[in-house]
Amino acid sequence: MKMTPRIAEARYAGDYRIWLRFADGSEGEIDLESELWGPMFEPLKDKDLFARFELYPERSTIFWPNEADFAPEFLYEQVQRKQRGQSAAEELP
């Protein structure tokens, strides 16, 4: 059974970027700008609001004041992709 990745540390890195470090030592900066669509995420296009995320240890992820969050598995995959030097678009069929 696969364990949920746990975020150990998160820092705002400017614009729509967040630096993450996971409990397994994986770390990296990801850009979430292309993910900010739909009712929960559109408000995060306001960079001041975007920068106000917090670590949510109980759910192993980050969240914003409007209760938006991303699955920790998604964030982990973004960091892994970045480490491999791939973008999400490169993995589309």
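## A guided tour, starting from the salt bridges

Begin by selecting D15, R17, E29 and K47, which are linked in a network of salt bridges (a salt bridge being a side-chain nitrogen of Lys or Arg within 4 Å of a carboxyl oxygen of Asp or Glu). By this rule there are eight salt bridges.

Before going on, note that this is a predicted model, where local features need pLDDT of at least 70, side-chain atom pairs count only at pLDDT 80 or more, and totals for chains, interfaces and linings use all residues. Residues are numbered from 1 along each chain as its sequence is written, and side-chain values use heavy atoms, with hydrogens and water left out.

**Next stop: E9 and R21.** Their salt bridge has its closest N and O atoms 3.1 Å apart. This pair links distant parts of the chain, with E9 in strand β1 and R21 in strand β2, twelve residues apart (strands are DSSP runs of E, at least two residues, and helices runs of H or I, at least four, numbered from the N terminus). E9 has 26% relative accessibility and counts as partly exposed; buried means under 20% relative accessible area, exposed over 50%, and partly exposed in between, with a 1.4 Å probe and protein chains only.

**Now the core.** Select I18, L20, L32, L44, F50, W64 and L75: these have the most contacts inside the largest nonpolar core, which has 19 residues. Such a core is a set of buried Ala, Val, Leu, Ile, Met, Phe, Trp, Tyr and Cys residues joined through side-chain atoms within 4.5 Å. β2 (17–22), α1 and α2 (72–84) each supply at least two of its residues, and the largest share, three residues, comes from β2.

Centre the view on F50 and show its contacts (heavy atoms within 4.5 Å). Leaving aside residues up to four places away in sequence, F50 touches Y12, D15, Y16, R17, I18, L32, L36, L44 and W64.

**Along α2.** Colour P72, L75, Q78, V79, Q80 and R81, the buried residues in this helix. They pack against β1 (7–14), β2, β3 and β5 (61–63). Also in view is the salt bridge between E77 and R84, with the closest N and O atoms 3.1 Å apart. After α2 comes G85, whose phi is positive, near 80°.

**Last stop: P43.** Look in the loop between β3 (27–31) and α1 (47–50). P43 is partly exposed, at 37% relative accessible area, and touches L49 and N66, not counting residues up to four places away in sequence.
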